[in-house]
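Colleague: Thanks for sitting down with me over this one. Could you walk me through some of its helices?

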Amino acid sequence: MVEKIAFADLQEELLQDPETRSEYDALELEFEVARKIIAARTKAGLTQQALAERMNTSRSTIARLEGGKTLPSLETVRRVARATGTEIRIAIHA
C-alpha cells in the first residue's frame, strides 16, 4: 500500500535541500502572481473556462497562467483584471 503524505509535509521536506530551496525561491514572483490570478478568478466566482471565455482565450491558457511557471505579460494581467472585475496594484519594495 502507498503511504499518503500531505502536500505541506512533502513541501517542507523537499525545501530542506538547499538546491531545491534556491530554485523554489527563484520562482517566488511567478508563484505569487499565479496565486493572485487564482484568487481573483475564484472571488469572481469563475471557473477557468468562464475566465477564458471572458478573456477570449482557451482554458489551457488560464491553466498555464495559474501554474506559476512563467510570468504573464502586464497586458495579460490587465485582461485578467478586467475579466474578474479587479484592479492591479504593483509595489516595489526597497
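Modeller: Gladly! This is a predicted model. Helix α3, residues 28-43, has 16 residues and reaches 22 Å from its first C-alpha to its last, close to the 22 Å expected at 1.5 Å a residue.

Colleague: Which helices do the buried residues of α3 pack against?

Modeller: Let's begin with the residues themselves: Glu30, Ala34, Ile37, Ala40 and Arg41 are the buried ones in α3. They cover an arc of only 125° around the axis, which puts them on the same side of the helix. From there, these buried residues pack against α2 (18-26), α4 (48-55), α5 (59-67) and α6 (74-84).

Colleague: And which exposed residues does the face of α3 turned away from its buried side carry?

Modeller: Exposed here means over 50% relative accessible area. On the face turned away from the buried side of α3, the residues that qualify are Glu28, Leu29, Lys36 and Lys43.

Colleague: Are α4 and α6 roughly parallel or roughly perpendicular to each other?

Modeller: Their axes come within 9 Å and cross at roughly 110°. Angles of 65 to 115 degrees count as roughly perpendicular. The two helices, α4 and α6, are therefore roughly perpendicular.

Colleague: How many charged residues does the contact of α4 with α6 have?

Modeller: From α4 come Leu51, Arg54 and Met55, and from α6 come Thr76, Arg79, Val80, Ala83 and Thr84. Sorted by class, the contact has four nonpolar and two polar residues, and the charged ones number two.

How values were computed
Residues are numbered from 1 along each chain as its sequence is written. This is a predicted model: local features need pLDDT of at least 70, side-chain atom pairs count only at pLDDT 80 or more; totals for chains, interfaces and linings use all residues. Side-chain values use heavy atoms; hydrogens and water are left out. Helices (H or I, at least four residues) and strands (E, at least two) are DSSP runs, numbered from the N terminus. The expected span of a helix is 1.5 Å times one less than its number of residues. Buried means under 20% relative accessible area, exposed over 50%, partly exposed in between (1.4 Å probe, protein chains only). The arc is that of the directions from the helix axis to the C-beta atoms. Contact means heavy atoms within 4.5 Å. Axes are lines fitted to C-alpha atoms, for helices over the stretch in contact, and angles run from 0 to 180 degrees between N-to-C directions. Angles under 35 degrees count as roughly parallel, over 145 as roughly antiparallel, 65 to 115 as roughly perpendicular and the rest as oblique. Ala, Val, Leu, Ile, Met, Phe, Trp, Tyr, Cys and Pro count as nonpolar, Asp, Glu, Lys and Arg as charged, and the others, Gly among them, as polar.
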